[in-house]
Amino acid sequence: MAEPIVVGVDGSTPSLQAADWAGQEAALRDAPLRIVYAALHWSYYVPLVPQPASWGADAEAVARSALDEATIRARAGRPHLSVSAEIVDGAAGEALVAAAEGAQLVVVGNRGRGGFAELLLGSVSRYVTARAPCPVAVVRQSGDGSHGEIAVGVTGRPDQGAVLDFAFREAALRHATLRAVHAWTHPIATGPGDFLPLVYEMDSVGEEEARLLAESVAGRRENFPDVTLTESVMQKHPANALIEASAETDLVIIGAHTGLAARLGGLGATAHAVLHHAHAPVIVVRC
């Protein structure tokens, strides 16, 4: 059996949109869907203090209602989809990261029930994206796949192999065109020991950046001959380029580095901006 897809819900509109999108993805992959509602049994999280075995009937009824509604959304038009729904104990972010162990993808809404409209990415979404052991999809709206195209951000650095592999697999799975987006504002170092010029000619740098993108995707083109690939190179901040691409595609795939910054909850400026402002679902892949 395929590894499951996990989606976290709390009854909010964004989480129900995430459940809908997760149902689409599970059906596409012929994978089971696990819907999780995380709840603390106490009103406040107290570390090192055992939580009660159960909590009020009203709170449990709210959780069950959210799970039932999410299940309906996930199964809509997909009657054969395997769905399980459960309440797990714990703070939402930590519980979802734990639930993601052994999953192929974890899905969250861009913000939950407690989010303010001006906070475009909720605290749970940030926490899960920075710490989950598998790729994380952040869904602002479920979309209908009408563009037939997905985008991937390409840095040109050698540590991005997992991101590109994932993007090509997703394009093949969806029979979608893959748009490889490489944006630059100045020459970048692609490896240790690279020396960058203090003065550079824009046209020659643009040609070099185009060559870098072509080299990054070259081998994968051979491995995925059925995937139509377009290469987009531009002088622009990478976040702006990917946000613009998200308005014309069904999905955006980006990389985020592991290490100390990720453990402290950081994703990098580009990933942070794309997750806040993208018009399509975004999948973050660790690299």
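**View 1. Ala 256, a buried residue of strand 9 in a predicted model.** With a relative accessible area of 1%, Ala 256 falls under the 20% limit and is therefore counted as buried in this predicted model. Leaving aside neighbours within four places in sequence, the residues in contact with Ala 256 are Leu 267, Val 284, Val 285, Arg 286 and Cys 287. The C-alpha atom of Ala 256 is separated by 8.2 Å from that of Ala 130, although the two residues are 126 residues apart along the chain.

**View 2. Strand 9 and the strands that pair with it.** Strand 9, which covers residues 251-256, is largely enclosed by the rest of the structure, because five of its six residues are buried. Strand 6 (residues 149-153) pairs with strand 9 in the parallel sense over three bridges, and within this pairing Val 252 of strand 9 is the bridge partner of Ala 151. Strand 10 (residues 282-286) also pairs with strand 9 in the parallel sense, here over five bridges, with Val 285 of strand 10 standing opposite Gly 255.

**View 3. Helix 5 and the residue that follows it.** The 14 residues of helix 5 (residues 161-174) should span 20 Å at 1.5 Å a residue, and the end C-alpha atoms are 20 Å apart, which agrees with that expectation. The buried residues of helix 5 are Gly 161, Val 163, Leu 164, Phe 166, Ala 167, Phe 168, Glu 170 and Ala 171. After helix 5 comes His 175, whose phi is positive, near 55°.

Key. Residues are numbered from 1 along each chain as its sequence is written. This is a predicted model: local features need pLDDT of at least 70, side-chain atom pairs count only at pLDDT 80 or more; totals for chains, interfaces and linings use all residues. Side-chain values use heavy atoms; hydrogens and water are left out. Buried means under 20% relative accessible area, exposed over 50%, partly exposed in between (1.4 Å probe, protein chains only). Helices (H or I, at least four residues) and strands (E, at least two) are DSSP runs, numbered from the N terminus. Two strands pair if DSSP finds at least two bridges between them. Contact means heavy atoms within 4.5 Å. The expected span of a helix is 1.5 Å times one less than its number of residues.
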